[in-house]
Each structure stands twice: as C-alpha cells, then as structure tokens.
Amino acid sequence: MSTDTSASTRRDHSPISGNAIVRVGPVNPTVAQALLENYASLVLPDAGAQREAFLAEHGSSIRVAVCSGKIGVDTQTMKRLPNLEAIVNFGVGYDATDVAQATERGIPISNTPDVLTDCVADTALGLYLDTLRTLSAAERFVRNGTWATGANFPLATRASSKRVGILGLGRIGAAIAKRLEGFDCEIHYHNRSEITGSPYTYHPSATALAEATDVLIVAAAGGPDSAGLVDAAVLEAIGPKGFLINIARGSVVDEPALVAALQSGSIAGAGLDVFASEPHVPEELFAMENVVLLPHLGSGTHETRADMASLVLDNLRSYVESGELVTPIS
C-alpha cells in the first residue's frame, strides 16, 4: 500500500456526508461517539438479514469505513462497498482487513502507529518478567493459601543477562529491545532484511534466531505473510530451557504446535497476550503454571487508547476535509 499522494488522496472531491461513512464492528467509545455526534455516520449490523438489508440499501453510497484492527473490513464486506475510498483503522494492526483487495482497488488504509508503542513494549517486558520469574504463579501460590502451609515455591529462571531474540524489530520490537538493555540482555533479531546500523545481532531466519537465544519475543506484524511463522521447527529450536513471548498476533504462532511443545516440555514456558481465535484460548493452557495468559491488553491503558482515538479521528477528519489520510500504511 503506497503512501504517495495518489494512494492517500481522495479520488472523488465531492463532500462526504454522514451517510457515506460507516462504522464496521465495535470501536473505541470515544470514536463511536464522535462518529455519531460529528458525522451522523451509519453502523453496519453485525450479521444476518439486517446486515444484508443494510448493504443492499447503503452499500453503494459508502465511501469511508471506520473499524478496529480486530474486526477490520473483510473480503466480502469490502466487495459489497463498491465505492469505498478509504478505511480508517483503530489499532496498529490491520490484518483483519483484506489489504490485497484494498490495494488492488486503490483504497488507502490508515492505522495508529507510534502512539501505542510504549505501552505494548511495557506489556512485553511485563510478560517477559512474569513468564521467566513465574510471578503470576507465585501470586496464586500466596493467594490460595499454599504458602501458609509451609510449602516452598519452586525456583524460577533469571530474567537478566539473557540472550533475547526479537522476531520483528520494528517500532515495537525496537522499544522492547531498549527496555531489555536495562536488564543487561544480549539482543538478537530477525526481520525480512538486516537493518543497517542496528547494534543488535541479525539472524537470517526465525529458526536461526530461536537457536541462538534463550527467549524468543514475537513482535512481527500480523497478516498472511507472517501466519504460522513460529512453527514446530522454530519451537523446537527454542529448546527445553527456552521461552516464547508473543505480543504480536496469535496468527504468527502455530498454536497447536505451541500447545504440543508446552505439553511435551519442548520449551520451558510461554507468555501470551494474543491468540489465534480470540477471545478463545486453548483449554490445555489453563492448567499450565509455566504459561502466562493475558486478554490482548498490550495497548490497554487509558492514555494510549485516548491517543489512538485521537489519531483515528484526525485521520477521518483529514480525509473528509482534504482527501488525505494522516497515517496511511506503507
């Protein structure tokens, strides 16, 4: 998706009215309120006959769609919006949207980069510490009264001075690396290509990265290109003393292979903020004390969500007024 003028500038220069803007799925409350109060925008029904009737009546008049990264504008919905000009996405990830179709039709997509980088990186660090030091399990050990019986909590793994591999050294990956430097960790990474001038050690594949490190942190973008990138071979390369942290997208990790690796002890543990079929989590993971499970809260702070909402509305306002998105994806 290009970010040049031709891709991010409105083709139809006629004014965009509220009935030409549609909200697809639930979005941040601030965004939802602004869509209603400032634009009198439409809301696409979730499914069934109401959705079909809505698309039949309004589909051809819709020019802008506003959605969350979780819901997106999928293949069939986009096909039913023949005059769609732009997609305004709440979230840095946009893999739920049919990017290939949008590219083919010249429909630019915006996201909310940068504003959530710090909070997602903070969550990754929290997962890293919790998983290696088994902090959540230790908290349960106290809360359920086991400590009071005189039992000793099992020893954990040192979190400092580890060799940490970051799969996807983008904005968020780099912010995670910066934080881990404070723990005297040795940083390695894998991207599609080596980053010129990076102070970290590059590896040509995810498997090579896993083999060279003690902890693999997944920070790669979601989407078809990265689906199943962390497969059984990568998990085997992590090894029985190694850990996996996933702060990216559930689709990046082969979830059945991860469950099997944890069950067999092929890896030492995992910290997961994302899953393949959210909000559903493999039941096998619930009883595992060496696995930390979070409800996809990487950017979940009041401050970051407010910043994301503001950027979404800036993108919408800019497109309506000038035909240009503020943060079109590259």
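In strand β4, Ala86 is the bridge partner of Val64. The model is predicted: local features need pLDDT of at least 70, side-chain atom pairs count only at pLDDT 80 or more, and totals for chains, interfaces and linings use all residues. Residues are numbered from 1 along each chain as its sequence is written, and side-chain values use heavy atoms, with hydrogens and water left out. Helices (H or I, at least four residues) and strands (E, at least two) are DSSP runs numbered from the N terminus.

- Strand β3 covers residues 64-68, and five of its five residues are buried (under 20% relative accessible area with a 1.4 Å probe, protein chains only; exposed is over 50% and partly exposed in between).
- Val64, Val66 and Ser68 point one way from β3, while Ala65 and Cys67 point the other way.
- β3 and β4 (residues 86-90) run parallel and are joined by five bridges; two strands pair if DSSP finds at least two bridges between them.
- Strand β1 (residues 21-24) also pairs with β3 in the parallel sense, over four bridges, with Arg23 opposite Val66.

**The seven-stranded sheet**
- An open sheet has the order β8-β7-β6-β9-β10-β11-β12, with parallel pairing.
- Its edge strands are β8 (201-202) and β12 (291-293), each of which pairs on one side only.
- Five bridges link β6 (residues 163-167) to β7 (residues 186-190) in the parallel sense, and Arg163 has Glu186 in β7 as its bridge partner.
- Helix α8 (residues 171-181) lies across β6, β7 and β9 (215-218), at about 170° to β6; axes are lines fitted to C-alpha atoms, for helices over the stretch in contact, and angles run from 0 to 180 degrees between N-to-C directions.

**Nonpolar cores**
- A nonpolar core is a set of buried Ala, Val, Leu, Ile, Met, Phe, Trp, Tyr and Cys residues joined through side-chain atoms within 4.5 Å.
- The largest has 49 residues, and Ile21, Val31, Tyr128, Val164, Ile176 and Leu180 have the most contacts inside it.
- Another core, of 27 residues, lies apart from the largest one and includes Leu209, Val234, Val253 and Ile267.
- Beyond its neighbours within four places in sequence, Ile21 is in contact with residues including Leu35, Tyr39, Val64, Val66 and Leu316; contact means heavy atoms within 4.5 Å.

**Helix α11**
- Glu255, Ala257, Leu258, Val259, Ala261 and Leu262 are buried in α11 (residues 255-264).
- The buried residues of α11 pack against α10 (232-238), β10 (243-246), β11 (269-272) and β12.
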